[in-house]
Every structure is written in C-alpha cells, then in structure tokens.
Amino acid sequence: MTPMSHATAPAASSSPPASPATPKDGRTAERSLARRMLARPETGALIAAIGVYLFFFAVAPSFREASSLATVLYQASVMGIMALPVALLMIGGEFDLSAGVAVTSSALTASILSFQLSLNVWTGVLVALVVSLAVGAFNGYMLIKTGLPSFLITLGTFLMLQGANLAVTKIFTENVATDSISDMDGFDQAKSVFASEIGIGGVNVKITVFYWLAFAAIATWLLLRTRFGNWIFAIGGSKDSARAVGVPVDFAKIALFMGVGAGAWFVGMHLLFSFNTVQSGEGVGNEFLYIIAAVIGGCLLTGGYGSAVGPVIGAFIFGMVSQGIVYANWNPDWFKFFLGLMLLVATLVNLWVRRQATRR
C-alpha cells in the first residue's frame, strides 16, 4: 500500500456550509408604500387636483362656499360620467370622437320621438337608449371589420351624427332646437330620475353627482375585480397577444364602444330633462374634453394603462377650473388656455410619477 492509501478523510463539518445570499432585484424586492402609491395611474392627477383646489381657494373667496363646491361637483359630474366609459375605451387602446355629438343625438331622439308621436316620454327615453347602444355597436363593428383606426371610424360617425342632428331637427321642428316636452306624460318622473336635486346641509346637490360616484365605483370594480377588466388591460397592451391567449378581443371592443353609447344616453337624458329642450348643434368639441379628463387622470393615449378613479379626478379638475375662473372674476375666455395648461402639466406630472415609480 502506498502512504496515500492510509491517509484519513477530513472530518465532516458539524454544520452545513452557508448558502450564498440570494441577490435582490427590483422585480422581487418589496416596494415601499410611497413607491406603490406613485405607481397608481391617478396619483399625478390627485397631486394636480390638490394644487388647483388650493390655488382657487386662495384667490377666490366665493370658491370656499359650500354652494360653490356643489356647482363645481355638478360641472365635474356631467363631464365625468362620460369620461368614465371614454377612459375604459382608451385603456382598451381605442378612441371615440363621436362621444360629444352622441350625447346630443340621444337627447334629440327622445325629445323628437316623444313630441311628434305624442308618446309618454319614457318611450322616447328607451328608444334613445337603443339608438345610443346601436351607434356604439356600429363603431365597434366597423373597427373590427375594416381594421381602420378608431380615430377615423369615429370621426366619420361624428360627422354623420352632427349632420343628422341638425337636419332631422329642422325637418320636424323647422328650427335648430326641439320643442319643449315639459308638459308631456312622464316628464316629471323622468326629471326626478335624471335631473333632480338632493338637499344636503342646506345646499342642493344635483343627482348627477351621486350617479357619477356610483358609476366610478362600478367602473373600478369592473377594471380591478372582473375578467372583463383583465381583458381591457390586455387588449390595450397588445390586442394580438391578448387574442393569442384567448381573450375575445372583438367582443370586448364592441362592448367598450357600447359603454360609451350608454354614457352618452345617460348624459343626454340629463340635459333633456334639465332644460326641457335640446339645441341640435350642442356637443361638438366635448369629445376632446372627455379625452382630456381621462388623460389628466392618468390614462395613456397608447392604451393598456389607467384607472377609473383617474378620470373622476380629471373631471373634478375640469369643474374647478371652469368655475374657479368665474368665482375669481377672471375673463372666461381664458378657460381653454387654463384647460390646455392643466392638460400639459398633468401629462408631465404623470410622466414624472411613472418614472419615479419604476426606478429601482
């Protein structure tokens, strides 16, 4: 035997060797509460809303009154009810440029049909709902069948509805406005549903404010707690990838456009039963305000990112700016300037917030 054969093996260690520490990376490390808050789409809008509120609170004494807040909330609610479905559609990667005139179309349909046929106004309301949903379904169907961008499809719908609103109204009324339906059957009941007021602490608050908040809660639940919400985010991120994993892209897109139609119907009914008559040329340009509210609220123009809370805050900013200028006794001609400035600032804030949230 060689001397090597008598060598004894080294004694085993009493404890196993320590495994090397697993390196942490940004994907697995737990983020702080502040970082998680910054990752929310609506955070930038919330920061902007606080700034706008404090600004007008300081420069406009009448802005501080409870009745003024009720007016701001009313302006925000009418804008915000439409901004919600528009935002969902944008998260899904599409636009609807016909949303503004679609509101007027629904109101005209209910008013003209009820008045010309001497029907209970609820009949006109239901027919207007069918028409509004059909317009939304048409937009979605054309988008799917043609493959054209939604910008072009809905621009065509916008022009058709704008022309039809004016032409049809003139045919039946020989005027650019509908006849008053305030003395027709069902008007009072419909007004209580769509355009009534609720007294809170001596201040009358429009019922649209409560609808707005309820719709926002439903939209939030839809986005975050349902399969359909997952579909919306997936389609907005990449419709081809979403289709590859079994997402019904065509169904979801048509449903989103019909959601915009439903929102247009509701706001149209509110306007009709608030003023008893409808001007056929109204609504032009409002589609951009809905998109602005959604963008200020954190929705990306490229789709796949956003929330339902963000457009609520964006609409609230719109209400504060539109009424704050009045309460501050400024020239209202500056409104569009401040709205554009808010859009730019909010977009930059949203960009900064997203960059801070994704930093390692």
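**Loop residues, confidence and helix packing in a predicted model**

Asn 329 is found in the loop that links α13 (309-327) to α14 (335-358); helices (H or I, at least four residues) and strands (E, at least two) are DSSP runs, numbered from the N terminus. The model is predicted, with local features requiring pLDDT of at least 70 and side-chain atom pairs counted only at pLDDT 80 or more, whereas totals for chains, interfaces and linings use all residues. Residues are numbered from 1 along each chain as its sequence is written, and side-chain values use heavy atoms, without hydrogens or water.

The phi angle of Asn 329 is near 60 degrees, a positive value in a residue other than glycine. Asn 329 counts as exposed because its relative accessibility is 70% (buried, under 20% relative accessible area; exposed, over 50%; partly exposed, in between; 1.4 Å probe, protein chains only). Ser 118, in the loop between α4 (99-116) and α5, also is not a glycine and has a positive phi, near 55 degrees. With a relative accessibility of 62%, Ser 118 counts as exposed.

The chain contains 14 helices and two strands. Of its 360 residues, 45% count as buried. Of the contacts (heavy atoms within 4.5 Å) between residues at least 6 apart in sequence, 76% join residues at least 24 apart.

Mean pLDDT, the predictor's confidence in each residue on a scale from 0 to 100, is 87 for the chain, and 87% of the residues reach 70 or more. Among the elements, the highest mean pLDDT belongs to helix α5 (residues 121-146), at 97, and the lowest to helix α1 (residues 33-38), at 64. Over residues 1-15 pLDDT stays under 50, and the model has one contact beyond four places in sequence for this stretch. Residues 21-29 likewise stay under 50, with two such contacts. Where pLDDT is low, the predicted coordinates should not be read in detail.

Helix α9 (residues 227-237) packs against helix α11 (residues 249-275) at an angle of about 100 degrees, and the axes lie 10 Å apart. The two helices are therefore roughly perpendicular (65 to 115 degrees). Helix α9 contributes Phe 228, Trp 231, Ile 232 and Ile 235 to the contact, and α11 contributes Val 249, Phe 251, Ala 252, Lys 253, Ala 255 and Leu 256. Axes are lines fitted to C-alpha atoms over the stretch in contact, with angles from 0 to 180 degrees between N-to-C directions.

Notes: Parallel < 35°, antiparallel > 145°, perpendicular 65-115°, else oblique.
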